[in-house]
Amino acid sequence: MPHIVVADPIHPDGIERLRTAPGVTLDHPAAATAAPLAERLQGADGLIVRGTAVDEALLAKAERLRVVCRHGVGYDLVDVPALTRRGIALMITPEANAASVAEHALMLMLNLARNVVPVSAAVRRGEWRVRGQSSTFELGGRTVLVFGFGRIGTRVARLCAAFGMRVLVHDPYLPAGTIRGAGYEAVVDRDAGLAQADIVTVHVPANESTRGMVDAAFLSRMKQGAVLINTARGTLVDEAALEAALRSGRLAAAGLDVLRVEPMVQGLPMLELDNLVVTPHVAASTAEGLRRMAWDSAGNVLDFLAGRADRDAVVNGEVLKA
Ligand code: NAD
């Protein structure tokens, strides 16, 4: 009888899917013992994590574990080689939150284009006169450069096109024809793209090759007065370089859903800047996104344990071959 552990709170529909699955026993936060997670994993066949890190120490006693599902798509808190060495599959919920994150990127663009946060704060202070002082712009007619044409980037490109933007896409891992076929301009030379874009929006995975990708050199290639959006991962951005670019006016503004260190370190100096909008890594966490991530996490683990894994959702496919 498969035993499944859910390490973090997830949407109740996901718990219900597991609870009503025939022949499954379940351990989840609302019904868990006080025992440390590593002990609760003794005898577990499947594990669902949201914010919990998965490392060697956690896996030490998990001798029966065959599948871990990360609620979402980023798995920077999971030691994938450690799972692979033990023959444990890592799964994600690939499509569940892509629409939510794409809408969030557009929300940040609109927010900065219309100066919403400072203007709203001024009105709350009774300063209606801000009406004549705030300079704003339309997205329509502007050029956006989308970095990464995956699940989220493709959706962002579509939304930007719907706003009447010129859409450039940079993704060195895809044939230019794929991007052109979808109706967008493929940019092979990154810097040539940066030089043309009014808005640059980043949708690439966080890994060794993308860490610190948005550094001083990257920012210096961006158009004077351009806007940066990052809903991907904080580690992609050199925050000191970004702060300098925002203070100097080289960049007009930035919208971030993610920071280099999360939860945020108190007193991050750039947070005092009016031309920065920050949300606390919530792009995926709409009602719909949370429900789909929980539902799909449950389905992934149940299907895997029943021998019908969705291979597209498995990160370390080599364990399936073994
Ligand atoms: P995906 O794997 O579907 O797509 C990523 C794309 O980036 C791929 O097409 C890949 O070829 C491309 N790419 C890789 N390196 C690149 C580079 N150096 N330059 C340009 N393109 C490159 O990923 P996704 O599901 O679209 O997720 C994108 C990002 O969003 C990830 O970092 C993910 O962790 C993050 N994310 C954030 C949230 C949130 O709540 N803020 C939620 C979900 C995902």
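A polar contact is a pair of N or O atoms within 3.5 Å; within protein, one of the two must be able to donate a hydrogen and the other to accept it, and residues adjacent in sequence count only if both atoms are side-chain atoms. Keep in mind that this is a predicted model, in which local features need pLDDT of at least 70 and side-chain atom pairs count only at pLDDT 80 or more, while totals for chains, interfaces and linings use all residues. Residues are numbered from 1 along each chain as its sequence is written, and side-chain values use heavy atoms, with hydrogens and water left out.

**The ligand**

Zoom in on Thr231, where a backbone N or O atom lies 2.9 Å from a nitrogen atom of the ligand. Next, show the side chain of Arg233, which has an N or O atom 3.4 Å from an oxygen atom of the ligand, and then His281, whose polar side-chain atom lies 3.4 Å from an oxygen atom of the ligand.

**Helix 5 and helix 7**

Now select residues 98-113, which form helix 5, and residues 151-162, which form helix 7; helices here are DSSP runs (H or I, at least four residues) and strands likewise (E, at least two), numbered from the N terminus. The two axes come within 8 Å and cross at roughly 45°, where axes are lines fitted to C-alpha atoms, for helices over the stretch in contact, and angles run from 0 to 180 degrees between N-to-C directions. That makes helix 5 oblique to helix 7, because angles under 35 degrees count as roughly parallel, over 145 as roughly antiparallel, 65 to 115 as roughly perpendicular and the rest as oblique.

**Helix 1 and helix 12**

Move on to residues 12-19, helix 1, and residues 287-305, helix 12, whose axes come within 7 Å and cross at roughly 20°. That makes helix 1 roughly parallel to helix 12. To view their contact, select Asp13, Gly14, Arg17 and Leu18 of helix 1 together with residues of helix 12 including Trp295 and Leu302.

**A loop to finish**

Finally, select Pro263, which is found in the loop between strand 11 (251-256) and strand 12 (276-278). The peptide bond from Glu262 to Pro263 is cis, with omega near -5°.

Methods:
Contact = heavy atoms within 4.5 Å.
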